[in-house]
Amino acid sequence: MAAAWVGYLLDGFDFVLITLVLTEIAGTFGLSTAGAASLVSGAFVTRWLGGALLGALGDRYGRRPAMIASILLYSLGTFACGFAWDYTSLFAARLVIGLGMAGEYSASATYVLETWPAPLRNRASGFLISGYAGGTILAAQLYQWVVPNWGWRWMFWIGVLPVLVALWVRRSLPEADDWSTEVGAAAERPNPFRPLFAGRARRRLNCALAVVAFAALYCVFTPAGTGYVPWLAALAALCLTAFAVQLGGRRGWVLYVALTVTVFCAFLYSWPVQALLPTYLKTELGYAPAEVADVMFYAGFGTMAGCWLAGFAGDRFGTRRAYAGTLLASLAFVFPVFAVRDSLVALGMLLFVLLALGQGISGILPKYLAGHFPTATRAASLGFVYNVGALGGAVAPVLGARLAESMPLGRALALLTFGLTLLVVVLVGGDVPLRLARLLDRGAAGDHLAPAEPDRPARQRPKRRT
């Protein structure tokens, strides 16, 4: 747990850097707000591919090798960001970060969930994801003295530190218990991509679809696709849906698609605030770097505390109930956060509560998603579903920036957060993905990670008196 948590902390540290130095980068390269926001989206362009590939690696060779590979990828990608000479080179480095970050989510989540006892797995999920929030706190504290003194590039060069964690992980960790028992000891290792390569024609078609999906997403989030974004986005969605249908199979494809849509909406409600909060604080509220760091500390620690709370609530009330109920409570704090302007302390306290309830509940999202899949295909399935849905995080900051062209940025963030949070409450609370899946497969399991119920003796018929 400690090794996975530290890896996730550094994952959060590396990824949030771009949001903290977005205005500095925009000034260096002469970018608009929307153009700079697309750099946040860059990591999401390759996440679907990284989640699938590193997830398949985790299913076939073990959770530990996949976790090491993901840490190396996002560390080296972050290090490369510090050497960027223009928008394109920085965007390319962000693509590498996306590959590694995707694998870190699926590998670390499956590793921890399959190691902890079944009754405590929501807690394990919440503790793990809290590491990401810890990384945002660490990055915010470094920002206030690194950037003013040394410039924004040094923030990225510090991001190479996770390589040391990867080396320690390789030497120290055993393999996950569930994978070792159910898969590692089996005569034949699983190949989650087998449906994609069944026959020469299908293999060629799917390789072509992968190239088209990547190219379409790249054009969507760069100036190359100007004027054609809706069509390119639809093309990418069709390609990724085709992969989901094949991976899910005749009975499971609905579950894959429904879970992907749920994650997409979850990113749409959460990422406008995560990605554009520093920009909002600096541009609309006029906060100095030290004040931004203070507010981000409140926000990051609120998310971390919310992850811990989510873990206990999930084990106590059930994953779905805890998820939907906490999100519903967060709606009361959305508009007050963006109404506060003159009090840093009040803004920090409101952000703490909002993110504890709204963002912190994502601590049990790995448990919610992973429970839908068996051990043999869990990492690849979780990696694909989560990271395709994570494209909502690529859309969110750009959407927030576009809305901000016709209204204040704070109001745009509040409207996006409120409306899409309500939609996720309905999807998760109503168990919509599993209900849809059971239309095709009545035997679809509700939660593969839940504690197994003990066998009950057959009920005996009482003897009749004579």
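1. Which helices each supply at least two residues of the lining of the largest cavity? They are helix H1 (2-20), H6, helix H7 (121-150), H12, H13, helix H16 (344-358) and H17, where helices are DSSP runs (H or I, at least four residues) numbered from the N terminus. This is a predicted model, in which local features need pLDDT of at least 70 and side-chain atom pairs count only at pLDDT 80 or more, while totals for chains, interfaces and linings use all residues. Residues are numbered from 1 along each chain as its sequence is written, and side-chain values use heavy atoms, with hydrogens and water left out.

2. On terms, a cavity is a set of points, on a 1 Å grid over the protein atoms alone, where a 1.4 Å probe fits but cannot get out, whereas a pocket is an open set with protein on both sides within 12 Å along at least five of seven lines; lining residues have an atom within 4 Å of a point. A volume is the space filled by probe spheres set on the points, which are joined across faces, edges and corners.

3. The largest cavity holds about 510 Å³ of space, and among its 32 lining residues Tyr132, Trp271, Gln274, Gln359 and Ser362 lie nearest the centre. H12 gives the most to this lining, with 8 residues. By class, the lining of the largest cavity divides into 21 nonpolar, 9 polar and 2 charged residues (Ala, Val, Leu, Ile, Met, Phe, Trp, Tyr, Cys and Pro count as nonpolar, Asp, Glu, Lys and Arg as charged, and the others, Gly among them, as polar).

4. The count comes to 2 cavities of 30 Å³ or more, and the second largest cavity has a volume of about 70 Å³. Residues that line the second largest cavity include Tyr269, Ser330, Gln359 and Thr421, and H12, H16 and H20 each supply at least two residues of that lining. Its classes are 4 nonpolar, 6 polar and no charged residues.

5. Turning to the pockets, the largest pocket contains about 810 Å³ of space and is lined by 33 residues, with Val220, Phe221, Val229, Ala233 and Val395 nearest its centre. H12 provides the largest share of the lining of the largest pocket, 12 residues, and by class this lining has 24 nonpolar, 8 polar and 1 charged residues.

6. The second largest pocket has a volume of about 340 Å³, and of the 21 residues that line it, Gly318, Thr319, Arg320, Lys367 and Asp447 are the closest to its centre. The lining of the second largest pocket has 8 nonpolar, 7 polar and 6 charged residues.

7. The whole structure has 19 aromatic pairs (rings of Phe, Tyr and Trp, the last by its six-membered ring, pair if their centres lie within 6.5 Å; planes under 30 degrees apart count as stacked, over 60 as edge-to-face and the rest as tilted). The rings of phenylalanine 91 and tyrosine 218 have centres 5.5 Å apart and planes at 85 degrees, so this pair is edge-to-face. The two residues, phenylalanine 91 in helix H6 (residues 87-113) and tyrosine 218 in helix H11, are 127 residues apart. Phenylalanine 91 is buried, with a relative accessible area of 1%, whereas tyrosine 218 is partly exposed at 28% (buried means under 20%, exposed over 50%, partly exposed in between, with a 1.4 Å probe and protein chains only).
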